[in-house]
Amino acid sequence: MLELLVQTGLNALYSASYISLVAVGLVLIFGVMGIVNFAHGELFMVGAYVVVALYSQNEVPFVLTVAIGLIFVGCIGLLMERTMFRPLRDNPLGGLVASIGFLMILQALASMTFGVRMAFVPPVTQDVIEFTDKIRLPVQRLYVIIAAFGFLTALWLFLTRTRFGWALRASAQDPEAASLQGISITQTARIAMFIGAGLAGVAGALTAPLISVNPHMGHSVIIAAFIVVIVGGVGSLEGAVVASAAYAIVHTFVTTFYDGVLADITGLLLMLIVLIIKPTGLFGTADRA
Amino acid sequence: MFANFTRNGVTRRKFLGSAATLAGAGALSSAFPRVPLAADKVVKIGFLAPLTGPVAAWGKPGLDGCRIWAEWVNAAGGISIGGEAHMVEFVAYDNEYDPAKARTGATKLIREDGVKFIMMLGGDTWPGVQPVADNTGMLFSTLLPSDLSPDTKTLIAPCEVHPVYNVTGVEWLAQNKPDLKTAVMCAQDDALGLPSVATYLAAFEAAGIEMLDEPLLFDPATTDFAPVVTRLLSKNPQIVCLDTCYSDYVHPIAEQLFQQGYKGQIISCTADFYDQMIAKTSKEFMEGFIFQFPDFDDPALNADFINFKDANKFYQVYNERHPGEWGAVSWEYASIMDLWKAAAESADSAEPDAVLTAMTAGGKGKHAFGDADWWGSDLFGIDHALVGNWPVVVIENGKATIKGFKSIPEWYAKHGELLKKHMTAYNQMWNQR
Amino acid sequence: MRKSIIWLVCVAALAALPHLLSFSQQEILVVLVINILLVVSYRLMTLTGEWSLGHVVIMGVGAYTSALLTKNLGMYVPVSMILGSLMAAFVAFLLSFPLFRMKGFYFLIGSFASAEIIRLLWKRFRDPFGGPKGLKLIDGLPDINIGPIHIDFFEPTHYYYFAVIVVAACLWILWRIERSLLGLTFHAVHWQDKLAQASGVDVRRFRTLAFVLASGFAGVSGALLTHYIGTINPNTFDVELMVFVLTWAIVGGTATFYGPILGCVALTVLNEIVLREMGFEQARPLIYGVVMIASILFLPNGLESLVKRGVAAWQGRTGGAGAKEKTP
């Protein structure tokens with residue numbers, strides 16, 4: 001039983017890692033631009049397909065592919081910012097609808113280029129760290145966990161130690177006040193979009209060898225990410241990380257001890273309960289909603 | 001105004017085969033007269049399945065297979081009806097796995113394109129189409145026999161008898177590896193997974209294999225299968241059964257089993273792209289994996305009793321045109337067309353009722369895997385599923401190999417009550433729907 | 001006098017419409033009429049300023065209720081439809097307690113979560129909801145046979161007339177609500193949240209009222225759909241359809257009563273008829289997405305703004321009074 005608990009804890013740790021990468025990006029984009037990016041799951045999907053195109057089909061080294069995934073999806077984020085979100089800055093619902101349109105485009109492009117069936121990604125390594133016979137951590141999963149820690153730390157340093165990061169946090173807290181302070185909204189929006197999209201892309205690239213890559217894989221990720229964002233509090237990056245961990249633990253344990261459908265219901269209930277007790281999420285403040 | 005309804009409205013009446021009715025109906029929609037004129041020695045077949053969206057993998061590869069089939073048949077002179085050669089043309093409608101769109105698609109295919117037969121994936125989409133089938137008498141086929149019921153007079157399941165054939169794999173397992181006695185199972189919680197759960201439970205019970213746990217259901221939106229596998233392995237089973245899952249789940253589950261150190265027997269309904277599973281795990285791990293869908297380059301498919309023509313060549317051409325897309329549905333729709341062609345030629349007519357009569361004549365039919373019986377009253381309330389032998393496929397030395405053909409009716413004769421018991425427990429009998 | 005002529009023309013056009021279409025277009029037309037009620041009821045909810053992502057599942061509550069009542073209790077279909085609508089309104093009333101503690105983005109996602117829970121409950125409880133397969137063989141409207149008149153509601157044209165009458169009645173009620181004092185209060189709640197509160201309007205009560213009313217009409221549309229198609233399952237009411245409803249409303253524009261209708265009609269015709277006729281298989285979602293983005297970028301106020309401009313231009317040419325002020 002103890003072994004089962006520890007193994008489930010390891011499963012939850014991995015799950016928290018990639019969900020938090022996706023959720024943090026979503027929070028950043030919403031915080032700075034006020035737009036719910038429905039296409040965020042599809043950015044995750046594009047990251048995974050970068051791995052399919054380069055690593056699986058052309059044998060580019062995996063680490064390099066992940067870096068390319070980050071930059072490529074980050075650039076898609078820039079494209080979205082320039083073509084859709086900037087013109088729609090005063091129209092958040094318009095931004096939402098545009099991101100839904102973009103989601104359909106990305107899905108269609110993926111199925112037309114790579115086919116409707118799942119794509120193949122060979123394993124990066126098959127090594128497994130065996131603590132005991134029943135407690136095992138595949139090294140590929142360890143990579144995801146380490147990378148998530150690395151990226152989140154880097155993001156935190158960037159936000160707290162650099163001028164850009166300071167500007168970004170200022171606009172996330174209060175865009176109007178920030179622009180009065182002479183912070184360029186366009187500039188911060190660009191950075192937020194690049195980082196937010198890039199993190200989703202990198203999460204997709206990192207997990208691509210571990211999950212089934214298909215054009216519709218973004219859907220289940222975005223639902224988890226939304227739950228996490230709400231539980232953590234909109235606009236709160238710390239909240240997103242904490243909530244990712246909480247959601248992953250609850251979901252993983254309920255799946256292991258009861259079943260998957262019940263785990264989904266529990267995750268959603270958890271979120272509703274948080275909202276009822278504290279309608280702005282665990283770390284959210286009242287004025288950003 | 002109500003009187004208008006009777007004059008202009010289209011009442012319950014058979015449209016098919018009556019050119020006068022078609023012309024009359026055409027006049028009503030005079031703005032868009034799209035009714036085909038004399039069917040110029042072309043016979044049209046409808047293909048009504050998801051071509052986009054998450055379920056597209058169950059439709060699109062089948063359409064690709066059908067196009068190869070049509071090319072071959074047309075090159076060989078088409079279908080001979082009434083002493084004349086007819087070319088086959090497939091008309092596809094993307095139903096997006098939505099019942100309302102399937103209904104629209106069925107209406108379009110029947111009333112506007114004038115197709116003579118419609119192949120569907122079935123499942124969620126069939127109930128939307130059923131009233132159209134009742135009203136037009138059109139002949140439909142499904143890949144999911146669980147759509148059958150006593151009311152579906154013109155629906156046939158002539159190829160896939162999912163999930164009943166899964167019993168053959170378990171039976172083979174019990175005969176060849178009699179020391180494996182305990183099993184666990186996980187399944188996707190939907191119309192595909194649940195009847196299959198009941199079937200495997202019956203098959204395990206019949207084989208004297210003990211289930212260590214309730215089947216673990218997961219939502220089709222699951223991405224990470226580590227928790228599911230951890231739970232399965234916590235019972236120390238000798239057999240892990242993956243039920244009928246999309247390949248998007250079979251692969252990560254198998255990979256997790258490998259990474260979490262499982263070394264026992266695996267049995268599954270499908271193993272599409274098993275070469276990729278081997279690449280993700282190891283040849284040793286996948287050795288002995290039991291499933292139900294052969295590669296069509298298997299020499300066993302050249303046997304005399306196999307009714308699928310040139311299986312090896314079909315596999316080769318398909319893989320050249322659609323590399324990496326071969327799967328269970330690639331050949332199934334095409335094999336249904338073989339059956340339809342034979343029936344149409346023997347009836348000397350493409351009309352749905354005539355073809356259906358010819359097809360089911362004598363209660364026997366030529367299934368892809370050998371001659372079979374029209375069967376199903378017990379389970380579906382109607383003898384419209386073509387059931388006979390089904391291959392048991394085992395991965396040997398990295399290659400799917402047919403280990404033999406087992407008879408489903410023989411199994412059912414012995415253990416039918418068990419199957420009914422478990423189907424009832426999962427609300428899957430026709431009279432529970 | 002002029003007004004009644006316009007109405008007569010409209011009625012005649014609606015009556016003639018199905019006979020100008022092909023069979024499959026008639027099928028699409030029926031679903032379109034039902035979706036129009038769905039999107040217009042959605043707009044009533046948005047008047048108060050809150051955007052929900054649960055509307056389609058609420059529609060599903062109406063559909064499931066009506067289907068179960070006819071299937072299990074053999075209830076007469078029109079009665080079950082009304083009860084389905086009431087059930088949808090009641091569920092909305094219950095949901096309003098947790099949901100209206102939230103606003104804006106939180107409300108959007110909160111409504112999504114609670115709707116998703118309902119949907120997952122349909123999936124999980126095979127009895128009575130049928131589980132993931134849902135319900136099938138749901139009775140349609142009973143045939144009507146009076147002497148020579150024979151109405152079979154399986155026929156899309158016949159069901160279309162029935163749906164048009166029901167939907168028109170609902171739209172008329174929705175229109176009256178918006179024009180009443182209540183409707184004005186809804187608008188006030190949206191634009192002047194604090195002010196409305198200060199002037200003694202219980203904001204939350206009116207939000208709840210708008211939510212419950214909108215949900216009742218969504219329930220009607222669900223019931224209309226279920227007794228036409230004859231089958232429903234949890235995926236019928238998934239977030240994909242919700243996303244379509246949202247885009248119909250926004251692409252059409254929500255400032256006017258007819259905006260969402262325009263959006264629904266235009267996008268449905270584009271997706272189901274134009275793109276299919278042009279033979280795009282896999283590229284259909286792609287083009288649909290491009291059109292959606294383009295319309296939101298270049299017509300930020302929706303298709304309704306085109307109509308307004310058209311009307312203004314027409315009035316300008318004919319020298320209608322006040323035309324200049326109306327042009328933005």
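Mentor: Before we start, one definition: two residues are in contact if their C-beta atoms, placed from the backbone, lie within 7 Å. Also, this is a predicted model, where local features need pLDDT of at least 70, side-chain atom pairs count only at pLDDT 80 or more, and totals for chains, interfaces and linings use all residues. Residues are numbered from 1 along each chain as its sequence is written, and chains are lettered from A and ligands numbered from 1 in the order in which they are written.

Trainee: OK. How many residues does the contact take from chain A and from chain C?

Mentor: The contact uses 35 residues from chain A and 35 residues from chain C.

Trainee: Which helix of chain A gives the most to that side?

Mentor: Helix 4 of chain A, with 14 residues of the side that touches chain C. Helix 4 (92-114), helix 9 (218-232) and helix 11 (260-277) of chain A each supply at least two residues there. Helices (H or I, at least four residues) and strands (E, at least two) are DSSP runs, numbered from the N terminus.

Trainee: And what classes do those chain A residues divide into?

Mentor: On the side of chain A that touches chain C there are 28 nonpolar, 6 polar and 1 charged. Ala, Val, Leu, Ile, Met, Phe, Trp, Tyr, Cys and Pro count as nonpolar, Asp, Glu, Lys and Arg as charged, and the others, Gly among them, as polar.

Trainee: New topic. How is chain C divided?

Mentor: Into domain 1 (42-237) and domain 2 (239-328), with bounds from an automatic or database domain assignment. The C-alpha centres of these two domains of chain C lie 24 Å apart. Their contact takes 9 residues from domain 1 of chain C and 7 residues from domain 2 of chain C.

Trainee: Which helix gives the most on the domain 1 side?

Mentor: Helix 2 of chain C, with 3 residues of the side of domain 1 that touches domain 2. By class, that side of domain 1 of chain C has 5 nonpolar, 2 polar and 2 charged residues.

Trainee: What about chain B, where are its domains?

Mentor: Domain 1 of chain B covers 36-162 + 295-387, and domain 2 covers 166-291 + 413-432. Their C-alpha centres lie 28 Å apart. The contact takes 12 residues from domain 1 of chain B and 13 residues from domain 2 of chain B.

Trainee: Where is confidence lowest in chain C?

Mentor: In helix 15 (residues 323-326) of chain C, at a mean pLDDT of 42, while helix 3 of chain C is highest at 94. pLDDT is the predictor's confidence in each residue, from 0 to 100. The mean for chain C is 86, and 94% of its residues reach 70 or more.

Trainee: And for the complex, what ipTM does the predictor give?

Mentor: An ipTM of 0.87, along with a pTM of 0.85.
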